[in-house]
Every structure is written in structure tokens, then in C-alpha cells.
Amino acid sequence: NGVSTIDLVLIQKHILGVQPLNSAYKVIAADADRSNDVSAVDLVELRKLILTVLNYLQKKIYSNVMQP
């Protein structure tokens, strides 16, 4: 699925304002619920994806890859 725990750390830092994601593509990839905002909801959904609780995110296969 292309998502790792490193991605979750980067997203969390972005949400907290410590280290913003440095690419519009990374922000789009981090917006798992497609709300046009990166939030804790996105973190929860991506954690589920990593844990294979979800194989897809709200009708759309998650194929975005974030690179640190």
C-alpha cells in the first residue's frame, strides 16, 4: 500500500506544526479521508491501513506513496 510508520510520524509532525509536509503531493497523500485537510482522522485511517484493518479508504484504493 506504500504507507509506513515513518509516514505516520511525518503526518503527526505536520498536524502539530512541528515540521510541515514539504510537498503538495505529500499533503494530498496524507489526506486519507479526502476532507481537504490533514487531521487526526487521517492518522487513524492510515494506522488502520498499515495494520491491514482496511484495504481501502472510503471507496478508493489508497495508492499514494509518501517519501520522507
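Tutor: Let's start at Asn36, which sits in the loop between α2 and α3. Keep in mind that this is a predicted model.

Student: Okay. Is Asn36 buried or exposed?

Tutor: We go by relative accessible area: under 20% is buried, over 50% is exposed, and in between is partly exposed. Asn36 has 76% relative accessibility, so it counts as exposed. Its phi is also positive, about 65°, although Asn36 is not a glycine.

Student: What about what comes after the helices? What is the phi of the residue that follows α1?

Tutor: α1 is followed by Gly17, and the phi there is positive, near 80°. After α3 comes Thr52, with a positive phi near 60°.

Student: Let me zoom out. How many helices and strands does the protein have?

Tutor: Three helices and zero strands.

Student: How much of the protein is buried?

Tutor: Of the 68 residues, 34% are buried.

Student: Next, sides of a helix. What's the general idea?

Tutor: An α-helix has 3.6 residues a turn, so residues three or four places apart point the same way.

Student: And which residues of α1 are buried?

Tutor: Asp7, Leu8, Leu10 and Ile11. They cover an arc of only 165° around the axis, which puts them on the same side of α1. Thr5 and Leu16, on the other side of α1, are exposed.

Student: What do the buried residues of α1 pack against?

Tutor: They pack against α2 (24-30) and α3 (40-50).

Student: How do I describe the way two helices sit together? At what angle do α1 and α3 cross?

Tutor: Look at their axes and the angle between their N-to-C directions. The axes of α1 and α3 come within 10 Å and cross at roughly 175°. An angle over 145 counts as roughly antiparallel, so α1 and α3 are roughly antiparallel to each other. The contact involves Thr5, Leu8, Ile11, Gln12 and Ile15 from α1, together with Ala40, Leu43, Leu46, Arg47 and Ile50 from α3.

Student: Let's take one residue from that list. What does Leu8 touch?

Tutor: Leu8 is part of helix α1. Setting aside neighbours within four places in sequence, Leu8 is in contact with Leu43, Leu46, Arg47 and Ile50. Its relative accessible area is 8%, so Leu8 is buried. And although Leu8 and Arg47 are 39 residues apart along the chain, their C-alpha atoms are separated by 7.5 Å.

Student: What about Gln12, buried or partly exposed?

Tutor: Gln12, also in α1, has a relative accessibility of 36%, so it counts as partly exposed. Not counting residues up to four places away in sequence, Gln12 touches Leu43 and Arg47. Gln12 and Ser39 are 27 residues apart in sequence and 8.5 Å apart in space, C-alpha to C-alpha.

Student: Where is Gly2?

Tutor: Gly2 is in the segment before α1. With a relative accessible area of 37%, Gly2 is partly exposed. From Gly2 to Ile50 there are 48 residues in sequence but 9.2 Å in space, C-alpha to C-alpha.

Student: What share of the contacts joins residues 24 or more positions apart?

Tutor: Among contacts with a separation of 6 or more, residues 24 or more positions apart account for 59%.

Conventions:
Residues numbered from 1 in each chain as written. Predicted model: local features only at pLDDT ≥ 70, side-chain atom pairs only at ≥ 80, totals over all residues. Heavy atoms only, no water. Buried < 20%, exposed > 50% of the residue type's maximum accessible area, 1.4 Å probe, protein only. Helix = DSSP H or I, 4+ residues; strand = E, 2+ residues; numbered from the N terminus. Arc of directions from axis to C-beta. Contact = heavy atoms within 4.5 Å. Axes fitted to C-alpha atoms, helices over the stretch in contact; angles between N-to-C directions. Parallel < 35°, antiparallel > 145°, perpendicular 65-115°, else oblique.
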